[in-house]
Amino acid sequence: MQIAKVRGTVVSTHKTRSLTGTKLLLLQFMDAQGQPLPKYEVAGDLVGAGVNEWVLVSRGSAARIDDGMEHRPLDALVVGIIDTVTVENNRLYSKKDAERG
Amino acid sequence: MQIAKVRGTVVSTHKTRSLTGTKLLLLQFMDAQGQPLPKYEVAGDLVGAGVNEWVLVSRGSAARIDDGMEHRPLDALVVGIIDTVTVENNRLYSKKDAERG
Amino acid sequence: MQIAKVRGTVVSTHKTRSLTGTKLLLLQFMDAQGQPLPKYEVAGDLVGAGVNEWVLVSRGSAARIDDGMEHRPLDALVVGIIDTVTVENNRLYSKKDAERG
Amino acid sequence: MQIAKVRGTVVSTHKTRSLTGTKLLLLQFMDAQGQPLPKYEVAGDLVGAGVNEWVLVSRGSAARIDDGMEHRPLDALVVGIIDTVTVENNRLYSKKDAERG
Amino acid sequence: MQIAKVRGTVVSTHKTRSLTGTKLLLLQFMDAQGQPLPKYEVAGDLVGAGVNEWVLVSRGSAARIDDGMEHRPLDALVVGIIDTVTVENNRLYSKKDAERG
C-alpha cells in the first residue's frame, strides 16, 4: 500500500451503474519522509476518511476484495486511516499531533 | 483511478474478435492541478464520453468488471464523466464551467 | 492499452511448455504525438502484425482473456492493428498513409 | 519481487475489518547495488521481519495467494527474509555480516 | 514481457511455506538496444536459466499461470531463455554469439 493524504473529492453523475454509491476521494501520495509527491489517485473510500487525513491506499485488484466491492470497477481503495507512521523508532507521523496543530 | 481528458479515438478493424463493438478513446492524463501530463491511455468507453470531457479511467483488471466487459482484453476503461473535482474546498474543475468557457 | 510499433521478434526455444506456439513481438511504445518512447514490451501476437505496423497492446491479465491464451504466462498481448489515430479531428496516424509514404 | 529493507511500521486502528490482525511494515526499496531507492511500500508481513532486515516483497495479487490472505485488501506482502544476495559470484548482501557489522 | 539478463541469486530460508523449492534469480532489465537498465527484478525460475543468459520475464499474475506456480506468492517468473532478438532484420542479440565471444 501507499501512504496518501486526502485532498478532496471527485463527483461523477454520469458513470457506470456499478459505481453508484461509491464515494470517490482525491488522494495525494506522500513519500517515506512525509513529503507530498507529484502523484495522485482517485480512490473509493470504505472508511469515511476526511480531508487532510493520512490514509492507506491499496491499488489493483486489492481494491475489490472487500464485501460489496467485488463488482465495482475500482483500481484503488482507501483501506485505513493512519494513526502513526514510525521509522526506526522515530515517529514520522501521528494523527493526534497533526490534529492538534 | 486517474483523471484524464478525452483527446480523440483509435480505430482498429483488424483486431481480436473479443474487441468487436468496443469504442476506443485516446485519453490524456491530467495531474492533480488540472495540467496535462505526458502520459496517455487508449481505453474502452462505457459512458459515451466526448472529446475534451474529463473522465475517470480505471486500469488493470478493473476494466473488465462491468457486465459485458468480462471477456474483452481491455486493461483500461472509462468508468465515469467527471462533473467536479474539488481540492480543499476549491473547485479545480467543473464540467459546467468548462463547457461555458 | 498503449500504442506501439512492431520493431522485431524474440525467439526462445527453451521456454515453459505453456508458451509453445506463441509468436513473440518486440514492440516500441509511441507517445500521443506519434513519437517513439524509450520503452518496449515483448508481447504475444493474436492478429498477425508485421514489422513497422502500429498496434494496440494490452498488458497485465488482459493478455490472457482471449480463447487459447488463458493458460499462457503472458503479461502483454497485441490485440489489434491500428488503422487510424485521431486527435481533436486531426489524423495523427493513418496506416494507409504510412504504407504509401 | 523487489528487495527492500524494513524501516518501520504503520498503525491504523480505523480500517476495513478484513485488515484486522495484519501487521503493516514500512519498507524501503533497495537497488541491485544494495543502495536505498527513494521508493517505499507499506506491506503485510507473514514472516515476522524486523527493522533493518532485508526482505523480499511481492506486489499485486501475489500478496493474497497465501492461506489466510485471500480476503485481505493487500497489494504488497513480505514473503521472505533475505539471507544472501549474490551477483556474479560476489556477495552483495549477507544477513550474517549485516548483523555482525 | 521484458528482456532481462540473469545476474545472480537470492537466498531466503525464512520465507512463506508456499515459496519452498522456488529458485529465485536476480535479473537486470535490458533496453531494446541491448543496454542494461537501472532496474531489476527477483523472479522465480521455471527454465533453469544461468548467470549472464538473457531471459524473458513475465510479471504480475502471469507469474502464477504455469502448473505448480498457482499457489506461490510470485509476481515475476522467468518463462524462457532467449535465443535471438531481431530488430528490423538486424540481430540485436544471439545466445550463440554471446557464448562464443
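A polar contact is a pair of N or O atoms within 3.5 Å; within protein, one must be able to donate a hydrogen and the other to accept it. Keep that in mind for the exercises below, and remember that this is a predicted model.

**Exercise 1.** Work out how many residues, and how much area, chain B and chain A share where they touch.

*Solution.* Start with the residues: 28 of chain A are in contact with 26 of chain B. Next comes the area, where about 2,200 Å² is buried between the two chains. Carbon and sulfur atoms give 52% of that. Now look at who contributes on chain B's side: B:Met1, B:Ile65 and B:Glu88 supply 28% of the area that chain B buries against chain A, more than any other three residues.

**Exercise 2.** Find the polar links between chain B and chain A, and say which strands of chain B take part in the contact.

*Solution.* First, the tally: there are 20 residue pairs in polar contact, counting those with both residues at pLDDT 80 or more. Then the salt bridges, of which there is 1. A:Arg7 and B:Glu88 make it through their side chains, at 3.0 Å from N to O. As for strands, S1 (2-11), S5 (54-59), S6 (76-81) and S7 (84-87) of chain B each bring at least two residues to the side that touches chain A. That side of chain B splits into 15 nonpolar, 6 polar and 5 charged residues.

**Exercise 3.** Describe how a strand of chain A pairs with S6(B).

*Solution.* Take strand S2 of chain A, residues 14-15: this strand and S6(B) pair in the antiparallel sense, over 2 bridges.

**Exercise 4.** Now try chains E and D: which residues form the salt bridge, and which strand of chain E gives the most to the contact?

*Solution.* The salt bridge joins D:Glu88 to E:Arg7, with the closest N and O atoms 3.1 Å apart. On chain E, strands S1 (2-11), S2 (14-15), S3 (24-30) and S4 (36-45) each supply at least two residues of the side touching chain D. S1(E) gives the most, with 5 residues.

Key
Residues numbered from 1 in each chain as written. Chains lettered and ligands numbered in written order. Predicted model: local features only at pLDDT ≥ 70, side-chain atom pairs only at ≥ 80, totals over all residues. Heavy atoms only, no water. Contact = heavy atoms within 4.5 Å. Buried area = accessible area lost by both parts, 1.4 Å probe. Salt bridge = Lys/Arg side-chain N within 4 Å of Asp/Glu carboxyl O. Polar contact = N/O pair within 3.5 Å; in protein donor to acceptor, adjacent residues only side chain to side chain. Helix = DSSP H or I, 4+ residues; strand = E, 2+ residues; numbered from the N terminus. Nonpolar A, V, L, I, M, F, W, Y, C, P; charged D, E, K, R; others polar. Pairing = 2+ DSSP bridges.
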